[in-house]
Amino acid sequence: MQLGILLSGVVTGSLYALTSVAVVIIYKSSKIANFALGGTASLSVYAAYAASGQHLPWVVLLLIGMLAGAAAGALTELVIRLLGEADHLSYVVATFALFLITQGLIVWIWGPDNKPFPTAWSTESGWRLDGVLISYNNILAVVVALVVVLALQLVVQRTRFGLAIRMASSGPMTARLLGLAVKRVRFWTWVLGGGIGGLAAILVTPSTTLSPSGFTSFMMVALVALVIGGFTNIRGAATGGFILGVLLNVLGFVFTPSLTQTYLFGIVAVLLFVKPNGVLGVRDATISEPVIHSTRFRRIRSDVRENAASINAYGQNSRNAVPRRVRRSAAAVAIVVLIIVLPLLVPTTLLVLLPQLTAIYISVLGLNILVGYSGQLSVGQSAIMAIGAYAGAIAVAHLGVPTLVAIPIGLITGLIAGLIIGLPAVRLGPLFLTLFTLVLSFAVPEMITYFDGITGGTQGLELALPASLFYPTNQYWLGAGIALACTVSIYLARRSEFGRRWIAVRDSTAGSQATGLNPGAVKLGAFVVASGLAGLGGVLNASFTGLVTPTDYSPFLSITLLVAVVVGGTGSIPGALIGAALLTVTTAYAPEISLPPDLILGLVLLVVLVLSPAGAVDIFRRAGSRAAAIFASRSASTTPLPRDEPKVRVFAGHHTPSEREVTGPRPLLEIIDLSAGYAEAKALSGVSIALPEGSVTALLGSNGAGKTTLLRVISGLVRPSQGEARYAGTDISITAPSALAQAGIAHVPEGRGIFPDLSVKENLSAARFSGKHQGAVDISQALDVFPALRPLLSQRAGSLSGGQQQMLAVGRAMLTKPRLLLLDEPTLGLSPLAAKNLLSSLDAIRGTGLTVLLVEQNARAALGFADRAYVMSGGRVVAEGPSAHLLDEDILASYMGVKA
């Protein structure tokens, strides 16, 4: 019997391993945990199921499932790409949206009932070992898992594609500057991960039966393997899967198999409390890169800012003319009036939903504290709601407590549960916190069902309200009064010192620590308050329905509560009300139009994420701002406001760039009247420069002058709002960085831009993606220029000194065989000796025909190295000329604070 338990655990563990590596390969390239995999992989099995009626061989069904999974992975990545440069929360929520959509599609097309799925061989076919049957299906699962894991490990560590994955993970911006098409690499890893997910689902389904949520539940267990192995470690994730399978089987045999999710929660809690990054997992070292927001994905938000700017410019905005306190008071009065008249306005069919709406709103309000105010992505709110509901129900059923007294019991129990669960939870990063709370949401209903002597099991417990509260209208008044009290409390807390600490920790953990705050304590406080509201919402919901069962608080409720927060608007109290209303109405009325609620909620969430990430509240604000802008533009004077033009200093006898007479050969690079910036912030204004081929040009100026932004425009990282950037006679203003790298532009960004987890040799080999190499790169060319790197080829780049890292970055750029080399602050952070050695090594570049544009903080060293220079100030070119000429003038003193 013990041998059978062990072998069964190995088989299950192999399937956990296969599922977890499907998540890892995607996360490794994009740093996004694909929670949609449960739904997309299930959909791929249903695609194979639809084909099974054609009596196709099982191997063909397997291929169909893998191809469908790969296609679903591709579609998921394309949807994620629509979000542009979003934050981590938006990406994760988008995967939950896709999960809801795929799950809804399955129910809509195939129905909610379980269906049989064929196996490769009969379940009775196999080998017997000491009386234990080892079926061929189980052997196939183990073999496939081992082959896939070993193949993935080899691909990531030994192939060009694997190097590309690690580059995209470590520093996507730097990888693009080296010619790597990062989006293409990520796309194919999502395809690969989706295909592996489809493969895992096909192998898992025969043992779990085909159901809309069958593989999703299996995947949630498999994700616990990543607590053991880490989210970026393929071997560790596979090892964690095998360990998890054996461990769960042993625990089920020794104790009871009915508490699998509870065992998982205990394992996760212990492991993450001891080692928050996973037992075998370590964080991949990444390059510290700036977030450069692309206007292509932020048109709507840019419109809002432009409207707001125009209103402020006129100074005629009627909304701003009203004192803020008056507007808030008017809004509060309007909300109170709406609460009072709402039961009189809605039809009877909606009236019965109002009590439930108040309970759901309170729970959404609590989750909004976590997600919107303190920046913690929790999907365990349904578990806390269940704890509060059952605490009240048990008090009523077993202690004879009146139902109204049970309501504060649910609140207090939620607060206590939040304190106990929050102690380990607040130590975790965003990803492991999400996983921790997700496992909690599975474990609590399981425990409720298991302890049926107290909880009533699947039959549940009754809570009977007094006769006076039997009618929906009276229930609504009770719920609305409690909800209003909660709203006022959270509103005041948000504007108190307590709330300001939440926001400070959310925006910058390191910054809040520098001001003396304890981020863990602040997050714990938010977790406790949010849990108290969840417990209160849970017991209210149970009181209004009169019955509480485990299925009322399934893990999918947590996901839909998250939908409500994001759709309404994170960090917004009115948004919480809008989201709660959407969730309540959709859940109630979606079946009447023959559509699953999950499908509707997922679609709405996805549309909101793409069009208005700030939620429905932002849509209303945008409409109001647009209306105010139109009103202001009609009533304001059309006389243009005076502008202070910055003074431009030009040397005597020198033409301005727009008047330059080109008498020699066309420059390799021309910047013509170029303006650019980030979102609404303008960094460059009317810049014009020219770089003759083979020249070395310095770009000088104080911090904030626009030098780095100009280099980013040239290398394609930032798109100009006007003007042109011409390289070799071609306009490159809208060309992608990877294409420019392949065309001969090499950019060494500020901060060195080496891949810390890759060896020195692998860093140099990354130059192969410039497109000018056939096969391997001849790294000896870089070693000839920087011989200090020769004995360090096998060393991790992250362990090098600052000077060695800068040599590595410049040497790698030279290996791309560029025509134009952009160097951004190459000596920044180096010791004087290291900076001198680096600049001495760069002397080898002069006279090679390579064109160099150098941004350097050491103005005198830069002018000594360059043939000519431009000086920038306030986003404009204020002086230019030969290096020697600039050294003789007082330009350095005027614009850089350097004495002449």
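Which residues form a nonpolar patch on the surface? They are Val-336, Ile-340, Trp-477, Leu-484, Val-488, Tyr-491 and Leu-492, with about 590 Å² of accessible area together. Accessible areas come from the Shrake-Rupley method with a 1.4 Å probe, and for residues only the protein chains shown count as cover. A patch takes residues with over 30% relative accessible area and no salt bridge; like charges are joined within 9 Å, nonpolar side chains (Val, Leu, Ile, Met, Phe, Trp, Tyr) within 5 Å.

This is a predicted model: local features need pLDDT of at least 70, side-chain atom pairs count only at pLDDT 80 or more, and totals for chains, interfaces and linings use all residues. Residues are numbered from 1 along each chain as its sequence is written, and side-chain values use heavy atoms, without hydrogens and water.

Helix H22 (472-494) gives the most to the patch, five residues. Helices here are DSSP runs (H or I, at least four residues), as are strands (E, at least two), numbered from the N terminus. Val-488 lies in H22. Val-488 is partly exposed, at 41% relative accessible area; buried means under 20%, exposed over 50%, partly exposed in between (1.4 Å probe, protein chains only).

Now the charges. The structure holds ten salt bridges, each a side-chain nitrogen of Lys or Arg within 4 Å of a carboxyl oxygen of Asp or Glu. Glu-77 and Arg-81 form one of them (3.0 Å, N to O). They sit four residues apart in helix H3, so about one helical turn separates them. Arg-166 pairs with Glu-762 at 3.1 Å. That pair links distant parts of the chain, 596 residues apart.
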